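I opened the notebook to look up charged side-chain pairs. The entries follow the order in which I checked them.

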Amino acid sequence: AYSCKKMPEAAYLYFEKALATAETDRQKSTVLEKMLDVVGKENLQVADKCRKILSLTNQLTNIYSKNPDNSDLLRIRTLAEKTLELLKKSGN
C-alpha cells in the first residue's frame, strides 16, 4: 500500500518486518525483490542507495545460489556489479 502511495521509506520499513517473519527462501526472495524496487524510489544519496542495494543483492545471491536455474542469480550478480561500480564512482 505504501508503495502505491509513493511512500517508499515507509514501504521499506514494512518490507523489513515482512522479511523478519519470512520462513522460506521463496518468501524471503519475494520480499527482497520488492525491497529492491522500493530502494530505487527512496530519496537517498547515491552512496546510501548503493549500500542498501548491495545488502539486498548479497542476501538474494545467497538464496538464488541454491537454485539450479541460475537466471535470477545472474541478474542479481549483474545488478550488484553495476551498483558497486556506481558506488566507487561516487567516491564513497
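Which side chain meets that of Asp48 in a salt bridge? I found Arg51, at 3.3 Å from N to O; a salt bridge here is a side-chain nitrogen of Lys or Arg within 4 Å of a carboxyl oxygen of Asp or Glu.

I noted the conventions. This is a predicted model, in which local features need pLDDT of at least 70, side-chain atom pairs count only at pLDDT 80 or more, and totals for chains, interfaces and linings use all residues. Residues are numbered from 1 along each chain as its sequence is written, and side-chain values use heavy atoms, with hydrogens and water left out.

I checked confidence next. The mean pLDDT (the predictor's confidence in each residue, from 0 to 100) is 92 for the protein, and 99% of its residues reach 70 or more.

I went back to the Asp48 pair. Asp48 and Arg51 are three residues apart in helix α3, so about one helical turn separates them. Helices are DSSP runs of H or I, at least four residues, numbered from the N terminus. Asp48 is partly exposed at 35% relative accessible area, and Arg51 is partly exposed at 40%; buried means under 20%, exposed over 50%, partly exposed in between (1.4 Å probe, protein chains only). Salt bridges with shared partners also join Glu33, Asp72 and Arg75 into one network.

I then looked up Glu42. Glu42 forms a salt bridge with Lys52, with the closest N and O atoms 3.0 Å apart. This pair links distant parts of the chain, 10 residues apart: Glu42 lies in the loop between α2 and α3, Lys52 in helix α3. Glu42 is buried at 5%, while Lys52 is partly exposed at 23%.

How values were computed: Helix = DSSP H or I, 4+ residues; strand = E, 2+ residues; numbered from the N terminus.
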